[in-house]
2 protein chains.
Amino acid sequence: MLDAPEVEELTPPVRTLMGPGPSDVHPRVLRAMGTPLVGHLDPTFIDLMDEVQELLRYAFQTENQWTIPISGTGSAAMEAAFANLVEPGDTVLVPTNGYFGYRMASMAERAGGSVVTVDAPWGKPLDPADVQDAFDTHQPDVFGFVHAETSTGVRQPNVSDLTAIAHAHDAFVIADTVTSLGGVELRVDAWDIDVAYSGGQKCLSCPPGASPLTLSDRAMDRVLSRENPVRSWYLDLSQLEGYWGDDRSYHHTAPITNVYALREALRLVAEEGIEARWNRHRRVAQSLVDGLADIGLERYADEEYWLPSLNTVSVPDHVDDGQIIDRLLNEYDLEIAGGLGDLAGDVFRIGCMGHSARPANVQYLLAALDDTLEIETPKTQ
Amino acid sequence: MLDAPEVEELTPPVRTLMGPGPSDVHPRVLRAMGTPLVGHLDPTFIDLMDEVQELLRYAFQTENQWTIPISGTGSAAMEAAFANLVEPGDTVLVPTNGYFGYRMASMAERAGGSVVTVDAPWGKPLDPADVQDAFDTHQPDVFGFVHAETSTGVRQPNVSDLTAIAHAHDAFVIADTVTSLGGVELRVDAWDIDVAYSGGQKCLSCPPGASPLTLSDRAMDRVLSRENPVRSWYLDLSQLEGYWGDDRSYHHTAPITNVYALREALRLVAEEGIEARWNRHRRVAQSLVDGLADIGLERYADEEYWLPSLNTVSVPDHVDDGQIIDRLLNEYDLEIAGGLGDLAGDVFRIGCMGHSARPANVQYLLAALDDTLEIETPKTQ
């Protein structure tokens, strides 16, 4: 027999979460997580699933019937989108202007797709003219783009222009809305997006584990008429249809508690009103950006495509970003993040999402960052 | 703009969960779910991941380094096992004696494997002689079996005999331990199992969402030397190695709260002691079986391969199983389940798992079932 390990009672530090996610969870959502469970086939849970779908449609601003939480974190919803839409032999167009375009490429390839790219530098949005060129050259079947790029703090403007180009070529559009849903203007139906996915732990301020996905009827028709089965059983939407659709037949056990939490997080969205919530994020993030400028830190992304939920800030020349991040965490219990990929070392990433998008959090961050920057922090080479 | 839906505060009924899972969650685990989050790359979360791995090794009775929770419910851990171990062209041997063998087949095929079967009737375990024959005939690369079949209430005895046959043929063994881990004797190392997966919501009494998986070094070597990438990005263990291994590099956002809960559920296992816990499940389930016999309900599975955590009971001829199940739920807030697949209509499935494996739950169930059976319940045709 192996001996039983001795592990102490759970006592994590109380952090203020201003990084790229998770954000601070609202107390009502934490309480929902502590609710005793009913079974995943209990009639009361089935009713609750209907409510979650209705609330998700509101957050996405869509009437799509196929609007459900996927049983995993944001990347599971992302893979559900690509694994179901892409069949072997399909051409898939993805962007190269941030970390998550590369993840799209990897998922599309694993689904059997051939990947082609539309290029823009990290830190810039896609130019519709470049998307048009890529469509004319490659005639892709599926086009993925990132509405809110967490690695660069860039919001893709002109979404309707991109979807119009794709639909003129009979392609399907998949939008990464992980860092926009519930915090930044997003209109799935008005912008004619075919498929959008998100995560819970960003602007919805929900613990990760059940992740929003929406598909138009046209996209779902494509999934249901695939020639080859989806390469993941767990994420196969043609089977999930049985559980989330009219049949309510068993597919897999849903993460019941995470669905409780998502429901409560989405109730908070509905109570605040989605437009009021977008405005709050913009207003609070603007005060963050102004305050950062006051202490000598400049926003990295241009105003035109600024992403209020995720603010990239240039690291000053004389500053070691890792030291600042560690000091904020260790001395202030405050989480922010450094750059990813091409922007590693060049930017700080400061989230302003959901329940973290509050003046109190911003004021605390500005004070802590100001204090921390004043200490000399020579770059280690 | 779509209008905001009005959805009431979360108030699910308080059920007593004696079905095939979820089981009743221990109050300490529910409390852990309400803990404010730290980030998934926070150094304190990294330490906590080490603790969860150590606790999981104890529950599995293994020294396998690769012992982690997968970021999804039990079927995600199941698919992680098959998607990583099976490469296109591999032959995969699966059983036909229950619902979950068919799920193994579907997952193996989606991974590119060719499926062959070893047969036994629903409600019987595999016979090692049949497994030997299947190996001699098909020379499979991977062999999946179900240690604790939730659809039939059958425990596979002779596990060491099965693994010895497989290893004599240089095959890898994947064990479904969804309904045994933490409740029924399971010794991954002593029984020479290469890969085992489980769920949280059965004998661990944890809300579903982070699901145990363990792989031997030999199995992980196979994963790391694959010729083709795993067909799921989300479940690719060669990438998860970066997060759960020494690097601690970002792959995807872990379901932080579910990991908190799993840690607490596993602490309860360590405090009780794994052998004491197996004995408790056996003892409490025996009192359930005895009490069921007293009210005229016979256990379906033979004593020799009885599965204490999931008790199948024959539905008497004159009884409509669906009516009984509905009445227990609606009048007693008590969940049990009917049969699945070949056993639909023939059996009740009564769980006795984790925090639900208590005398109080058993006494309540017996009293409620006795009352319910006394009401005339003509079978609807």
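Predicted model: local features only at pLDDT ≥ 70, side-chain atom pairs only at ≥ 80, totals over all residues.
A second open sheet was examined in chain B. There, 3 strands follow the order E11-E14-E13 with antiparallel pairing. Strand E11 (310-314) and strand E13 (337-338) of chain B are the edge strands, each pairing on one side only. Between E13(B) and strand E14 (residues 347-351) of chain B, the antiparallel pairing extends over 2 bridges, and B:Gly338 stands opposite B:Phe348 in E14(B). Helix H10 (residues 274-294) of chain B lies across E11 and E14 of chain B and runs at about 10° to E11(B).

Chain A is divided by the domain assignment into domain 1 (16-20 + 273-374) and domain 2 (27-270). The C-alpha centres of these domains of chain A lie 26 Å apart. Contact between them involves 27 residues of domain 1 and 32 residues of domain 2 of chain A. The size of an interface is often given as the accessible area lost when the parts come together. For domain 1 and domain 2 of chain A, the buried area is about 2,400 Å², and carbon and sulfur atoms give 59% of it. On the side of domain 1 of chain A, the most area is lost to domain 2 by A:Ile274, A:Trp278 and A:Tyr305, which together account for 29% of what that side buries.

Polar interactions also cross this domain interface. The rule finds 18 residue pairs in polar contact between domain 1 and domain 2 of chain A, both residues being at pLDDT 80 or more, and 1 salt bridge across the interface. A salt bridge is formed by A:Glu275 with A:Arg187, with the closest N and O atoms 3.3 Å apart. Helix H10 (274-294) and strand E11 (310-314) of chain A each supply at least two residues of the side of domain 1 that touches domain 2 of chain A. H10(A) gives the most to that side of domain 1 of chain A, with 5 residues.

Further contacts were examined within chain A. Side chains of opposite charge can pair when their charged atoms come close. Over all chains, the count comes to 36 salt bridges. One of the salt bridges joins A:Arg28 and A:Glu264, whose closest N and O atoms are 2.8 Å apart. This pair links distant parts of the chain, 236 residues apart: A:Arg28 belongs to helix H1 (residues 27-33) and A:Glu264 to helix H9 (residues 256-272) of chain A. Another residue of chain A, A:Arg222, is located in helix H7 (residues 217-224). Residues up to four places away in sequence not being counted, A:Arg222 touches A:Leu85, A:Glu87, A:Asp90, A:Asp141, A:Val142 and A:Phe172. A:Arg222 and A:Leu85 are 137 residues apart along the chain, yet their C-alpha atoms are separated by 7.0 Å. A polar atom of the A:Arg222 side chain lies 2.9 Å from the backbone oxygen of A:Leu85.

Between the two chains, 81 residues of chain B are in contact with 81 residues of chain A. Together, chain B and chain A bury about 6,700 Å², of which 64% is on carbon and sulfur atoms. B:Leu10, B:Arg110 and B:Trp233 supply 12% of the area that chain B buries against chain A, more than any other three residues. The count between the chains is 4 salt bridges. B:Asp236 forms a salt bridge with A:Arg110, the distance between the closest N and O atoms being 2.9 Å. Helices H1 (27-33), H2 (43-60), H3 (74-85), H4 (99-110), H9 (256-272) and H10 of chain B each supply at least two residues of the side of chain B that touches chain A.

How values were computed. Residues numbered from 1 in each chain as written. Chains lettered and ligands numbered in written order. Heavy atoms only, no water. Domains from an automatic or database assignment. Contact = heavy atoms within 4.5 Å. Buried area = accessible area lost by both parts, 1.4 Å probe. Salt bridge = Lys/Arg side-chain N within 4 Å of Asp/Glu carboxyl O. Polar contact = N/O pair within 3.5 Å; in protein donor to acceptor, adjacent residues only side chain to side chain. Helix = DSSP H or I, 4+ residues; strand = E, 2+ residues; numbered from the N terminus. Pairing = 2+ DSSP bridges. Axes fitted to C-alpha atoms, helices over the stretch in contact; angles between N-to-C directions.
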